[in-house]
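Thanks, everyone, for making the time this morning. I would like to walk you through one model, so please have the sequence and the structure open while I talk.

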Amino acid sequence: MVDLATHPSAAIVQRDSADLVAGSWNRCVRDYGLDPARIELDVVSRSQLSAHRDELGDVVSIARGEMDNLAAQIAGSGYALMLTDARGVILYNHVESALRESFRAAGLWDGANWSEWRQGTNGIGTCIVEQRPVVIHCADHFAVRHSGLSCSAAPIRNAAGELLAVLDASSVQCEGTRAGQMHTVALVSMSARLIEKSLFVNAHRESRVLRFHGRPEFVGLIHDGLLAIDDNDCIVAADENAALQLGVDGRGALIGQPIAQVFDIDTGTFAATAHEQDQTVWPLHERLRGRRYYARLTAPARSRRALSLHGGEARSLHIPAQHANRRPGLSELAGADPAMAENVRCAHRVVDRRIAIMLRGETGTGKEVFARAIHEASARAGKPFVAVNCAAIPETLIEAELFGYKPGAFTGASRDGMPGKVLQASGGTLFLDEIGDMPLALQTRLLRVLEEREVVPLGGDTPIALDLNVISATHADLGARVASGDFRSDLYYRLDGITLTLPAVRERADRQALLRAVIASEHDGAAAIRIAEDAMKALVRYDWPGNIRQIRNVMRTALALCEDGLVRLADLPEEITHQAQQSAASTCASDEDSVVSDNPLANAERDALIGALEHNGWNVSRTAAQLATSRNTLYRKMKKHAIEPAQKR
Ligand SMILES: Nc1ncnc2c1ncn2[C@@H]1O[C@H](COP(=O)(O)OP(=O)(O)OP(=O)(O)O)[C@@H](O)[C@H]1O
């Protein structure tokens, strides 16, 4: 039984709630320019609400189950429960029928936007900014109209630590003290943790999930650690509890590691255990310090079906098909790569703050997909997203294309004129791809348009007001172009509110998971896509100079060529199979620890190293300490896996 009064969330909230409220009030005045007497309720349209719900997918249905449990615990207390997305829009409420009218009047209802920058200091919005449990009680609220509310809220994160949603318990009767809310916030925090656990298990239902704790009676409860393990016996996801339990520095240190390197475990027995002993708790020892844990291993949802359907066949991976052309949401793009997770976290923080975002990354790393996902995650979702490829439009046309023209503005112009991409994007997001290729003369004009927030079409004389979010992208070194005078520095600084660098596929710690996601999105037939194990290994080993675009093209062709729905090594282009053979051979020849070269886990080791280096900002000493190895060994392993220190971003 958990003692709520001593629950960590209660301690945190009590300790620094005065600072937290002061910090939020400061933001309300300084950053959002809010007037406490003039804050209006803000409710999204029905269609936006259903788009917000769709975006969160399973989160809403999983959270609803837990909210029903929590509601039963607090029934009759005058509290109601709200689930919001990471933008603060209420997606689902649980209010007793007698209280419905008063909650609706207070704006605590589906579709209401409780972000801090809209409603001032409040439980939901301030929890989103602070990313931790908060109590905002009565006069803590910035808006005069909300001073009768008492709110306790806790964040719900995915396995990458990224904010997905907020769970809030609110009362419209301002009674008692803030300290009196500690029970409520502790209950809400525990429910949020339980929802996170269910989300983890659900997100990894295709993998084996290991739940472990130092005490057997805690396995399967709120404090146990969770690890998802793929068909190669490598850890593909871990929650914070797993890192805490094992005493490692964050989840990143676990992802990509073979499970047999973390626990003293025989992988053959391990694989069998998952099929046979789903509910049994059994002891296991951690390798580094020899500590004893107790664990339960859950079989993947598909394992029995796959065994019976494909028994006797060479080992292959089954990737469930997805809806083709489905656009991944911003949170999904994080995958299990630390650099991508950081990009997504930053994007969530700056979205809707009028900060220009610049995306950098090699060709095909998904800059446009990322830009669209930012747009869909913003308050402008549902408004236009207009992409302009500055390199693809001839220099002579780019001005008209961007800024539009009036009828008869120039020879060859359409008789009706054209509004131009900038105006088409008004209300939504303008995505300027390959911005480095924008001609110098037009850079001046673009800067003026962005600064003045109005555009005068060619041949016109009346400015038209604009309301735009701007995201730009480049694979060039724009800093160098500024230095050489090819790119205006003032435009560069205007566009570069924040730079997010998308990693190349070869740098990603979650290469195998990324491959699976891209492959799944390539096919929308009912059947799962099957990839022979050696083919998958070759795909993971390959460098992918064309990044995600190349993966898509290669897989599209392989899926068309393959027979009986199984992609074999022979269905892949020669450069991929050739490089895979070469890298296996060179690993074998160059490494003293040559047994690794034939070991199917070699790639996992490379991924784990990159993950750990990323996690430590590419500081070799810190990474070596975290991995409990020497700097020399780490350098040797980096050399073996062709990981350049220069991959530091
Ligand atoms: N996470 C993803 N899952 C599935 N497909 C993706 C993903 N990210 C990108 N793609 C696909 O990869 C291809 C390249 O993506 P995108 O155009 O966004 O890359 P880019 O970095 O903007 O490329 P360029 O620099 O050449 O313009 C597209 O076909 C896109 O649909």
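Predicted model: local features only at pLDDT ≥ 70, side-chain atom pairs only at ≥ 80, totals over all residues.

Arg354 counts as exposed because it has 9 C-beta neighbours inside 10 Å, where exposed stands for 12 or fewer other C-beta atoms within 10 Å of a residue's own, buried for 20 or more, and partly exposed for what lies in between, with the C-beta atoms placed from the backbone. This arginine, Arg354, sits in the loop between helix H13 (338–350) and strand E12 (357–360), and its phi is positive, near 55°, although the residue is not glycine. As background, most residues other than glycine have a negative phi. Helices (H or I, at least four residues) and strands (E, at least two) are DSSP runs, numbered from the N terminus.

Residues are numbered from 1 along each chain as its sequence is written.

Asn547 also has a positive phi, of about 55°, but its place is in helix H22, and with 24 C-beta neighbours inside 10 Å it counts as buried. A further positive phi, near 55°, belongs to Gln131, which follows helix H6. Helix H6 (residues 123–130) is mostly covered, since 6 of its 8 residues are buried, among them Ile124, Cys127 and Ile128.

Which residues are closest to the ligand? They are Thr363, Gly366, Lys367, Glu368 and Arg549, out of 19 residues that surround it, where near means that a C-beta atom, placed from the backbone, lies within 6 Å. Helix H14 (367–377), helix H20 (511–520) and helix H22 (547–561) each supply at least two residues of this shell. The shell divides into 7 nonpolar, 7 polar and 5 charged residues, counting Ala, Val, Leu, Ile, Met, Phe, Trp, Tyr, Cys and Pro as nonpolar, Asp, Glu, Lys and Arg as charged, and the others, Gly among them, as polar.

Next comes a sheet. Five strands form an open sheet in the order E2-E1-E5-E4-E3, with antiparallel pairing, where two strands pair if DSSP finds at least two bridges between them. Strand E2 (90–94) and strand E3 (134–137) stand at the edges with a single partner strand each, so one side of each is left without a neighbour in the sheet. Strand E4 (residues 150–157) and strand E5 (residues 163–171) pair over 8 bridges, and Cys151 has Ser170 in E5 as its bridge partner.

Finally, the chain as a whole has 26 helices and 20 strands, and buried residues make up 44% of its 649 residues.
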